[in-house]
Amino acid sequence: MPESVPQAVALPLAAGFLAHIGPAATWLPVVRRHLSPRLAGVGHPRHVALTFDDGPDPVSTPRFLDALDGLGARATFFVLGDAVVRHPGVVRETVRRGHEVAVHGWSHDRPWLPTPARDVRALRRAVEAVQDVTGAAPRWYRPPYGILTSGRWAAARAAGLRPVLWTAWGRDWTATASPASVRGTVEAGLGGGGTVLLHDTDRTAAPGSWRATLGALPDLVADWRAAGWTVGPLADHGTADRHATAPRVLGRAGAVPRRPPEQGRSRHG
Ligand SMILES: [Zn+2]
């Protein structure tokens, strides 16, 4: 029967699609919550890991390095290989200031189709770019948009990288982001032991959006320290399998919208 042909073809196709895209749903908070806490970025309950994606950017990244110096805080920067080779000095300065450099990918693309061989090549290239500039092998990998496909997962393992996502973000890539909105959004979803996703560039965001992130940093760090949490890079975050404490609002009473991050539209990483 002719009808049986599409069915026979569709089954392996569907299985292949699920194998590719199934793990990719990690950008969904509801999925991420049920993943390994290690993958979600849950660490020591009295530590907050501060992470920035999408750099290096010669315009904005130095502003973040100065701000973090002023705050006495260190962070992890997930960089893109194609920007590392264009702006190696920014990456060297990031390391010189005591920060950790990790891999966000070679370019900021979306994995619409399985491309396992290309994934391996791209990640190896990004690792080499970071290693050439910093002299050290990067340890962490966070895929663009938080979409961790099976191919990207395998490529990360092959490149010696450990995938890590985030437990709270600032939605700091939008045109309407403000220091207050970034602070409120991060803190609505953050508990001790959490990993915070922010961006030190507008490369894949609304132009100038990094200014909202930069403006939110002093209050965020002050709030976390007031809660008794230490702020630092993923290297200092602890690696045990443990659950973050329940999200709590750290800002002034009534000043922070109590909106769980899963209600926000997810698109970034
Ligand atoms: Zn990104």
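Let me start at the end of helix 8, where the residue that follows is Gly160, with a positive phi near 75 degrees. Keep in mind that this is a predicted model.

Helix 8 itself covers residues 150-158. Which of its residues are buried? They are Gly151, Arg152, Trp153, Ala155 and Ala156. Note that Arg152 is on that list along with Trp153.

Two of those residues come up again from the side of Leu123. Leaving out residues up to four places away in sequence, Leu123 touches Ala155 and Ala156, and also Val103, Ala159 and Leu161.

That takes us to the core. In soluble globular proteins, nonpolar side chains tend to be buried together. Here the largest nonpolar core has 59 residues. The members touching the most other members are Val79, Val103, Leu123, Val130 and Val196. Helix 7, residues 116-134, gives the most to this core, with seven residues.

Next, a helix pair. Two packed helices are described by the angle between their axes and the distance between the axes. For helix 9, residues 179-189, and helix 10, residues 210-226, the axes come within 7 Å and cross at roughly 45 degrees. That angle makes helix 9 oblique to helix 10. The crossing is right-handed.

Who makes the contact? From helix 9, the residues are Pro179, Val182, Arg183, Val186 and Glu187. From helix 10, they are Ala212, Thr213, Gly215, Ala216, Asp219, Leu220 and Asp223. By type, the residues of this contact divide into six nonpolar, two polar and four charged.

Terms used: Residues are numbered from 1 along each chain as its sequence is written. This is a predicted model: local features need pLDDT of at least 70, side-chain atom pairs count only at pLDDT 80 or more; totals for chains, interfaces and linings use all residues. Axes are lines fitted to C-alpha atoms, for helices over the stretch in contact, and angles run from 0 to 180 degrees between N-to-C directions. Helices (H or I, at least four residues) and strands (E, at least two) are DSSP runs, numbered from the N terminus. Angles under 35 degrees count as roughly parallel, over 145 as roughly antiparallel, 65 to 115 as roughly perpendicular and the rest as oblique. A crossing is left-handed if the near helix is turned anticlockwise from the far one by less than a right angle, and right-handed if clockwise. Two residues are in contact if their C-beta atoms, placed from the backbone, lie within 7 Å. Ala, Val, Leu, Ile, Met, Phe, Trp, Tyr, Cys and Pro count as nonpolar, Asp, Glu, Lys and Arg as charged, and the others, Gly among them, as polar. A residue is buried if 20 or more other C-beta atoms lie within 10 Å of its own, exposed if 12 or fewer, and partly exposed in between; C-beta atoms are placed from the backbone. A nonpolar core is a set of buried Ala, Val, Leu, Ile, Met, Phe, Trp, Tyr and Cys residues joined through C-beta atoms within 7 Å.
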